[in-house]
Amino acid sequence: MTLAITIGVLVFGAVFLMLQRGLVRIILGFVMLGHAVNLMLMSAGGTFRRAQPLLGYNDADVASDPLPQAFVLTAIVIAFSITIYMLTLAATGSDDDTEDAS
């Protein structure tokens with residue numbers, strides 16, 4: 001239950017930040033959404049099974065599922081690269097989005 005509430009709070013904060021006008025706030029919203037998705041993917045593997053996912057050491061019944069862990073590692077790399085790209089765009093972009101272009 002605590003994990004679901006944490007995911008909900010992260011998604012709420014991410015949506016709130018992404019609806020703001022500043023580009024840095026939008027980027028922070030994407031980062032928070034990435035964290036929420038990572039927590040959701042980890043919870044898909046089962047929070048009740050936390051043994052090592054190595055079958056030589058543990059039985060298959062108590063071992064955690066390694067596929068969501070691999071998905072989370074991939075999602076962390078992708079979110080980091082997208083964050084760096086968006087921060088680069090924010091740093092090199094112009095700051096004239098508050099004025100009319102008429």
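Reader: Let's start with Pro68: is it buried or exposed?
Author: Its relative accessible area comes out at 9%. Buried means under 20%, exposed over 50%, and partly exposed in between, using a 1.4 Å probe and protein chains only. So Pro68 counts as buried.

Reader: Before we go on, what sort of model is this?
Author: Residues are numbered from 1 along each chain as its sequence is written, side-chain values use heavy atoms, and hydrogens and water are left out. Local features need pLDDT of at least 70, side-chain atom pairs count only at pLDDT 80 or more, and totals for chains, interfaces and linings use all residues, since this model is predicted.

Reader: Which residues is Pro68 in contact with, leaving aside its neighbours within four places in sequence?
Author: Contact here means heavy atoms within 4.5 Å. Gly45 is 23 residues away along the chain, yet the C-alpha atoms of Pro68 and Gly45 are separated by 5.6 Å. With those near neighbours in sequence left out, the contacts of Pro68 are Leu41, Met42, Ala44 and Gly45.

Reader: What pattern does the protein follow along the sequence?
Author: Helices are DSSP runs of H or I with at least four residues, strands are runs of E with at least two, and both are numbered from the N terminus. The protein has three helices and zero strands. Read along the sequence, that gives α-α-α.

Reader: How do α2 and α3 run, roughly parallel or roughly antiparallel?
Author: The axes are lines fitted to C-alpha atoms over the stretch in contact, with angles from 0 to 180 degrees between N-to-C directions. Those of α2 (residues 23-44) and α3 come within 9 Å and cross at roughly 180°. Angles under 35 degrees count as roughly parallel, over 145 as roughly antiparallel, 65 to 115 as roughly perpendicular, and the rest as oblique. Therefore α2 and α3 are roughly antiparallel.

Reader: Which residues does Thr83 contact, apart from neighbours within four places in sequence?
Author: Thr83 lies in helix α3, residues 66-92. Thr83 is buried because its relative accessible area is 18%. Its side chain also reaches the backbone oxygen of Ala79 at 2.6 Å. Setting those sequence neighbours aside, Thr83 touches Ile27 and Val31.

Reader: What percentage of the 102 residues is buried?
Author: Pro68 and Thr83 are both buried. Across the protein's 102 residues, the buried share is 19%.

Terms used:
Polar contact = N/O pair within 3.5 Å; in protein donor to acceptor, adjacent residues only side chain to side chain.
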